Amino acid sequence: MKKNSSGFLGGIHPTDDSDKALTVQAPVTEVNPELVEISMEQTPGNVCRLLVKEGDFVHRGQLIGIPQTFAAAAVHASVTGHVTKIKKTGSLGEVCVIRAEEADTAPEVRSYQTEWMENDGITREDILRSMEKGGIIGMGGAGFPAFRKYQTDKNIQTILVNAAECEPYLTCDHILMREQPMGILNGIQLLIKAAGAAEAVLCIEDNKPDVIENFRTILKKKEVPIRLQELPTMYPQGGERQLIQSVLDMEVPSGGLPADVGVIVSNVATANAVADMVFAGLPLIRRYVTVSGCVERPGNFLVPVGTRFQELLRKAGDVSAGQNQMIVGGPMTGYCIGTNVRAERAEGAVSKATSGILILPEQVTTETPCIRCGACGRVCPAGLNPFKIDFAYRNGKLDVCRKLYATECIGCGACSYVCPARIELAFRNIAARNAVKQTFRKKGVIQ
């Protein structure tokens, strides 16, 4: 398969950007909820032990959860107030409910948000320690603790800062870049030092001309090891491996990690969060969230972690479509948590990894037999044959799935998007990938 004009295999154009236009020009709304519900399981299966109990008074930024699993990150109180309840959930983690008793005042503008900072007196160890202490995760979706990526003993040459934001509807990273360009750039310089890299590349899709021009203007004023790379708009441009192919014309080996080719990929919001923690001691307790789709007032919201979804939907003017599905994240890789939702019935709360809440029209589709058109293979950015993996998985042939490299599926959903038979290829390809990896783990083989 040949690379497309974006520099990686396959890919699709799922929208014409009219979806992003719903929110990208809307003013940011800052939300100060009366109540937050902070889960000790910020990402699936990765749990923290709760350090507080009902009745305790906590301060904004106070550590309230310590990691109990390798891929968990520390959790902090996002508001100041009393713990009113500890909720038990059906999953592994508890939920700490805090009633806010001190309204957050508008944060002061700090020097690292307006000017270049010197970091000569800050060591690599200082940065890694701050990343761990601040509970900073990869904010592009996976939510892996950021400090663990940077603890590698590999020879890292390049940091790719992922600002592609290629998922439809989502504009929270775009807004962050517009609001905090210097915070991001100062954070990138810290990431360069944390990795011992020679340079960083800020990677932005060309559908964000305003922030591209602003970053260019700022970068001209100071000689720093950061360069800007404007990329053609194509999904999934923001995938780690796809970004490496597009920008560096390198390929991560099967079963390998970006560090194996001297690269670390971090989300643009992660860079900003690192600057917040290192320069201001602010752990990751707030983030931008896009609320869009079938709501009365789509927009971006700056919210404390733990803000309930029902409060966000009320701020967006409630739901405007009766037959709907509620998606957390983007429409390609997010997950549905309810149908026919109204604000008062929306369950759940914002985690560190929550990029968006989408209300989309409910779609009922019926799978029909595969016609072997090959469309899924042509758009697969990993160069796989999704329909073959799907067939093998349905028939319980994990050995065949392994031979078809199911472990390389990135779960982007492009195959399902183009399938004329409406087959849930992505769902079963991801299931096949996970099943094969589980088999490897049982055999003691790292994959």
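Guide: Contact here means heavy atoms within 4.5 Å, and helices (H or I, at least four residues) and strands (E, at least two) are DSSP runs numbered from the N terminus. This is a predicted model, in which local features need pLDDT of at least 70 and side-chain atom pairs count only at pLDDT 80 or more, while totals for chains, interfaces and linings use all residues. Residues are numbered from 1 along each chain as its sequence is written, and side-chain values use heavy atoms, with hydrogens and water left out.

Visitor: Which strands does helix α5 lie across, and at about what angle does it run to β10?

Guide: Axes are lines fitted to C-alpha atoms, for helices over the stretch in contact, and angles run from 0 to 180 degrees between N-to-C directions. Helix α5, residues 181-195, lies across β9, β10, β11 and β12, and its angle to β10 is about 135°.

Visitor: In what order do the strands of the open sheet stand?

Guide: Strands count as paired if DSSP finds at least two bridges between them; β9 (residues 158-163) and β10 (residues 199-205) have 6, in the parallel sense, and Asn162 stands opposite Cys203 in β10. At the edges are β11 (226-231) and β12 (263-267), each with a single partner strand, so one side of each has no neighbour in the sheet. The pairing of the 4 strands is parallel, and their order is β11-β10-β9-β12.

Visitor: How are α2 and α8 oriented to each other?

Guide: The axes of α2 (residues 124-133) and α8 (residues 268-280) come within 9 Å and cross at roughly 105°. Because angles of 65 to 115 degrees count as roughly perpendicular (under 35 roughly parallel, over 145 roughly antiparallel, the rest oblique), α2 is, relative to α8, roughly perpendicular.

Visitor: Which residues of α8 are met by residues of α2?

Guide: On the α2 side, the contact involves Ile127, Ser130, Met131 and Lys133. The residues of this contact divide into 5 nonpolar, 1 polar and 1 charged, where Ala, Val, Leu, Ile, Met, Phe, Trp, Tyr, Cys and Pro are nonpolar, Asp, Glu, Lys and Arg charged, and the others, Gly among them, polar. The partners in α8 are Val274, Met277 and Val278.

Visitor: Which residues lie nearest the centre of the largest cavity?

Guide: On a 1 Å grid over the protein atoms alone, a cavity is a set of points where a 1.4 Å probe fits but cannot get out, and lining residues have an atom within 4 Å of a point. The lining of the largest cavity divides into 11 nonpolar, 3 polar and no charged residues. Of its 14 lining residues, those nearest the centre are Cys380, Cys409, Gly411, Cys412 and Cys415.

Definitions and conventions: On a 1 Å grid over the protein atoms alone, a cavity is a set of points where a 1.4 Å probe fits but cannot get out, and a pocket is an open set with protein on both sides within 12 Å along at least five of seven lines; lining residues have an atom within 4 Å of a point.
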